[in-house]
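Please look at the sequence and the model before reading on.

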Amino acid sequence: MANHTDSLDHLFVPVRQESGEQERISRPALSAFQDSWRRLRQNKAAVISLILLGIMIVLAIVGPWLTKYSYAQTNYSAVYQNPSADHWFGTDKFGRDQWARIWQGTRISLLIAVLAAALDLVVGVAYGAISALKGGKVDNVMQRIIEILIGVPSLIIIILLMMIMKANIFTIMVAMSITGWVGMARLVRAQILKLKQQEFVLAARTLGTSNTQIILKHLIPNTIGMIVINTMFTIPSAIFTEAFLSFIGLGLQSPQASLGVLIHDGFQTLSSHFYLLLFPALVIVVIMVAFNILGDGLRDALDPRMRK
């Protein structure tokens, strides 16, 4: 057997290669963002959702300007007109153009949701990071505050505040932010509790780095994926909350426009003029579904271990 192996040695010729070539990386190095973007592009549902959201955002910005009618302009000679070349989405009981009102309402709903999510992001991340990093009595007190807020249904707090204050964009945004940051704070705290015993954090402490610098430069960057994913799920939740408040009459009121206001007005004439409910309902469904699918795609892209 050994002689047979020796007879075949001449068939195997080592590849001639320079010593420097042996350690060369054949592919260009990818940053964490580039690698996540590559994985996200492979998720067709997430890419389609991203495109749909882009279209919705563009229409929310420029849509009201694509027609000659203002979203609050009344025209009693054009009451309850069906969709036509003049009024693409028809008109309501005051003759207001539904195309302009729907995209103005989409703009307002997205603005409220994004601002509320931004407040949740800032407050929740800061609160959770400080609670986890301080630990001890500080952490116990801060977590008891969160438990008290969780014990009271957030919708009750929002409704009470909306009944006390004047209904406008600022009030709705503040109302949704009172308890909206709690979920983000708990997620950030749990993640940082795992990270703060890691070697790079201990090394930063040894070098005399302040707690603020540790949070900003070491802990938050290592939780950015989880923060982005949670924010993507917070935005559709805020859109739904705004729509619900407006639908029950506690949010914005006509002639102001939001998706909730338009759905409320359309529901009142559903049997005779269904298009007044159909178009705003389709818009809010597309936005909420797209955000949720994109959030799932970002979860898989930013953390491959979460893949099913």
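The text below covers the salt bridges and then a nonpolar surface patch.

This is a predicted model, in which local features need pLDDT of at least 70 and side-chain atom pairs count only at pLDDT 80 or more, while totals for chains, interfaces and linings use all residues. Residues are numbered from 1 along each chain as its sequence is written, and side-chain values use heavy atoms, with hydrogens and water left out.

**Salt bridges**

Side chains of opposite charge can pair when their charged atoms come close. Here a salt bridge is a side-chain nitrogen of Lys or Arg within 4 Å of a carboxyl oxygen of Asp or Glu. The whole structure holds 6 salt bridges by this search.

| Aspartate 86 | Lysine 68 | 3.9 Å |

Aspartate 86 and lysine 68 both lie in the loop between α3 (44-62) and α4 (98-134), and their pairing links parts of the chain 18 residues apart.

The other two pairs in the table each sit within a helix. Glutamate 147 and arginine 144 are about one helical turn apart, because they are 3 residues apart in α5 (residues 136-151). Aspartate 296 and arginine 299, in α12 (residues 275-302), are likewise 3 residues apart and so separated by about one helical turn.

Exposure is judged by relative accessible area: under 20% is buried, over 50% exposed, and in between partly exposed (1.4 Å probe, protein chains only). Lysine 68 is exposed at 67%, whereas aspartate 86 is partly exposed at 38%. Glutamate 147, at 47%, is partly exposed, and arginine 144 is partly exposed at 39%. Aspartate 296 has 31% and is partly exposed; arginine 299 is partly exposed at 21%.

Salt bridges also link Asp92, Arg96 and Arg101 in a network.

**Nonpolar patch**

One nonpolar surface patch includes Leu155, Phe244, Phe267 and Leu282, and its residues together have about 890 Å² of accessible area (Shrake-Rupley method, 1.4 Å probe; for residues, only the protein chains shown count as cover). Two or more residues come from each of α10 (224-247) and α12. The most come from α10, with 3 residues. Phenylalanine 240 is in helix α10 and is partly exposed at 48%.

Terms used:
Helix = DSSP H or I, 4+ residues; strand = E, 2+ residues; numbered from the N terminus. Patch = residues over 30% accessible without salt bridge, like charges linked within 9 Å, V, L, I, M, F, W, Y side chains within 5 Å.
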